[in-house]
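Welcome! Here is a short briefing to read alongside the sequence and the 3D view.

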Amino acid sequence: MEFKAKDIATLLHGVVEGDPEIGVNDVAKIEEGRAGTLAFLANPKYEPYIYSTRASIVLVDKTFVPAKPLSCTLIRVASAYEAFATLLQLYDSLQPRPTGIEQPSYIGEGVTLGKELYIGAFAYIGKGAKVGDHVQIYPHVYIGEGVEIGEHTVIYSGVHIYARCRVGASCILHSGAVIGADGFGFVPDGEGYKKIPQIGNVIIEDRVEIGANTCVDRATMGSTMIREGVKLDNLIQVAHNAVVGRNTVMAAQSGVAGSAKLGERCVIGGQAGVVGHLTLADGTHLTAQSGLSVNTKANAIMRGSPAFDVAKYQRCYVLFRRLPELYEQIKELDRRVKSLNQHSSKE
Amino acid sequence: MEFKAKDIATLLHGVVEGDPEIGVNDVAKIEEGRAGTLAFLANPKYEPYIYSTRASIVLVDKTFVPAKPLSCTLIRVASAYEAFATLLQLYDSLQPRPTGIEQPSYIGEGVTLGKELYIGAFAYIGKGAKVGDHVQIYPHVYIGEGVEIGEHTVIYSGVHIYARCRVGASCILHSGAVIGADGFGFVPDGEGYKKIPQIGNVIIEDRVEIGANTCVDRATMGSTMIREGVKLDNLIQVAHNAVVGRNTVMAAQSGVAGSAKLGERCVIGGQAGVVGHLTLADGTHLTAQSGLSVNTKANAIMRGSPAFDVAKYQRCYVLFRRLPELYEQIKELDRRVKSLNQHSSKE
Amino acid sequence: MEFKAKDIATLLHGVVEGDPEIGVNDVAKIEEGRAGTLAFLANPKYEPYIYSTRASIVLVDKTFVPAKPLSCTLIRVASAYEAFATLLQLYDSLQPRPTGIEQPSYIGEGVTLGKELYIGAFAYIGKGAKVGDHVQIYPHVYIGEGVEIGEHTVIYSGVHIYARCRVGASCILHSGAVIGADGFGFVPDGEGYKKIPQIGNVIIEDRVEIGANTCVDRATMGSTMIREGVKLDNLIQVAHNAVVGRNTVMAAQSGVAGSAKLGERCVIGGQAGVVGHLTLADGTHLTAQSGLSVNTKANAIMRGSPAFDVAKYQRCYVLFRRLPELYEQIKELDRRVKSLNQHSSKE
């Protein structure tokens, strides 16, 4: 399918600069553009490529001023990045979706299935589960007893959802994600440990995305909560009874310990960790590899392990890197003070 | 099913304070208690909730002295936390367990199956494997050739156990755990690497719990050992030929490199790592995000990356945070010494 | 099957010292050697065991000079470690491989299957996929639409490969690895986030090994690249559009953020992380738990979070550990300068 520059511009509320009739049938990175593709320029670092790209059309911010002549057609939009995301969504929405129930699959007693589902071969849907309309359940998915899945949710192959958990509408769960495994709860018992059964569940609200091999443990009692709009990357740990607030984003390999409450719009960097039972205010930002062990105020940016205010941390780390020099200064001061002392005692 | 305060007290060797006839049919967190539920108070931080909770019964330590009037019935026990764990276990033991062999499942030649098993649909049991009595094998579990599983062990959906590994009795393995994948062993070979086949296995002893998506690699030769009573949280890496000692506990996203030997009752914090070939004495505690690169003495508490004694680390980190101030002091000293020098040379 | 010392020596281009007719039928670690086994000594730390081992044959470097009498037969070779790896490979190659197509498995329309395959029960091969000769696909593997798998590749149980990804020849993918899940790409959209569809794929070249539960995300556009000979350990994150260069090795729980380009022969330590969009020169070494946020020069060794030159880091960390002492020195200097000042002002 080919799209013309003028039609794309209309769709994106943009303005064509160049040939309005030129057509594209694919998208490409600006540095890999070929004839018949559309690319975008958002990060100024990539500007040099626009002068040599072979892409037919490039989306640019309306403020873009070319420094050299261009051979591509431009479409100027408010935000090239957002406009490109919109186009990708359109492109994606045109891809065919799998439908129907492949065999063999296992559907337990009392399961309620919505309309226009896809259920892949070897998927397992436990007793009494409820699956909404337009849900896609890929092969090897395990849905435990009494689980509920909201409409338009996509569950990729090999996701495991333990009994009684709930997943909202329009969510995406990637392969290997484990929802509702037992929280890590033990009580010392002589020399060993006695398990504390975890009888709660996990509730995932609407429009949540859960990355590959990410784990969200079920609550001891009550629910571990993943609020509306949360985005979790791959290999993340969310422990029992934690709450991840609306539109919070966590990068890969980060973790949240038990009963921590993350506010809305928080950003947790890759490989960072949050100690249990903390309360993070809305908009808290924890940088990559940091470890948070204190409650935060709104929009705090925290760094270090244990973490504190990022600007202070930066200053401390700069001086950490200068410690050999500071050490020499201290030694030099010591020499000079000794010499002054001798001088002074000689007098 | 309803339980009366007096019966629960008898079961827990506790004493009722309030209405011995009041009944409950569920448990709840103290801050979420409703009529007909039983809650507990162990952490003093939660004491304020006991004065407003709507739970009918609250378990408390026998030493608890209320600061205000209470509307709930109390049961006083030696340890409210342990007593509550006991009740949860009782509650849990009353839940129905799945039984029987669902179809389609795959049971290879020469497999030995115990009594009263559950084998879920799409489970795969390789040639010659031995499965003990009362074992629960959920859907999508892979059990390789010659694997042995002890009685009363529960293996949740999507666990993968490679050939010839052994799992003890009364273990719990959570979804996505991988037991016995090849250890990471290569020998440089010109510009690339040649694989060292990993021909050993993994032995997991009794009463071990393995978290979701945790990996325990098989030994190059011999066995990677997870000793009796070990508890591993989610997303943990245990490399080839490591030994995790009895009743040791590892928090989520921590890792142990090849051939490290962890003693008994060690505690490894979240996202912490242990270098290969180390020996950790019994009771070693490694704090979260720390990296251990030295052998330890019994009950050592280690912090930092690389880690050293926690008390020393704390002092160093406090001063790290004060580095900008120390830097100013050094500059100030320098100024004063210069001024003294000038003074002294003028004389 | 028994092998004689003289035959093993011929195979390994080594020289027998002792009984050339002595036979072995198994391998063992030197500290666990039994009669009839072959062991090796490479790491001098293990030398004491050679004087007491009950192994019948021990491989040693040709330069090895025993300090005491030996009861085992030696085979002297250029590198005992490499020679032992060669033997393990031989041993391994003699093990039987599974073959045939087990039932039930799912093979979609238009799939192309090579010769002498193994396809385990409950494996799923999506429409139009191409699987090369001698490939082993274990149970519960998911191969998405249009995926290509090169010859002699082994895919263990529970690997998930999303649509249109490509895996080269002679690769090994361990259980739970997820190849081609969506990259983590969102654009802010009012208070929440709008997903950027990830329409690229993952290309894994030849002779790559991917560890258990490791994730390699698909590119937004174009391809996330895992070059020839790369070895990834368990629980690793490789984000969208990253490139991992030839023969690079990454240890467990490490991560590479989006669009980072790792050169050839890099070594990334356990739990280390690389920030997005960086370029790492060939031979870059990032130590365990470090976080790299700058581009590197060839063969740089980097440490810390954020990381800098390892030798400098070491010096800084030594002084970090001595901060309490430096602090005392500064206080002492302050006292002495005060005293000099008083002295000087008295004059």
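In chain A, the C-alpha centres of domain 1 and domain 3 lie 58 Å apart. This is a predicted model, in which local features need pLDDT of at least 70, side-chain atom pairs count only at pLDDT 80 or more, and totals for chains, interfaces and linings use all residues. Residues are numbered from 1 along each chain as its sequence is written, while chains are lettered from A and ligands numbered from 1 in the order in which they are written.

**Domains**
- Chain A is divided into domain 1 (3-93), domain 2 (100-311) and domain 3 (313-346), with bounds taken from an automatic or database domain assignment.

**How the copies are related**
- Chain A is superposed on chain C by a rotation of 120° with 0.0 Å of shift along its axis, at an RMSD of 0.1 Å (by least squares on the C-alpha atoms of residues with pLDDT of at least 70 in both).
- The two copies are therefore related as by a three-fold rotation axis.

**Where chains A and C meet**
- In contact (C-beta atoms, placed from the backbone, within 7 Å) are 52 residues of chain A and 51 residues of chain C.
- On the side of chain A that touches chain C, H5(A) gives the largest share, 10 residues (helices are DSSP runs of H or I, at least four residues, and strands are runs of E, at least two, numbered from the N terminus).

**Paired strands in chain C**
- Strand E24 (residues 201-204) of chain C runs parallel to strand E27 (residues 223-226) of chain C, joined by four bridges (pairing needs at least two DSSP bridges).
- C:Ile204 has C:Ile226 in E27(C) as its bridge partner.
- E27(C) is also joined by two bridges to strand E30 (residues 243-244) of chain C, again parallel.

Definitions and conventions. Two residues are in contact if their C-beta atoms, placed from the backbone, lie within 7 Å.
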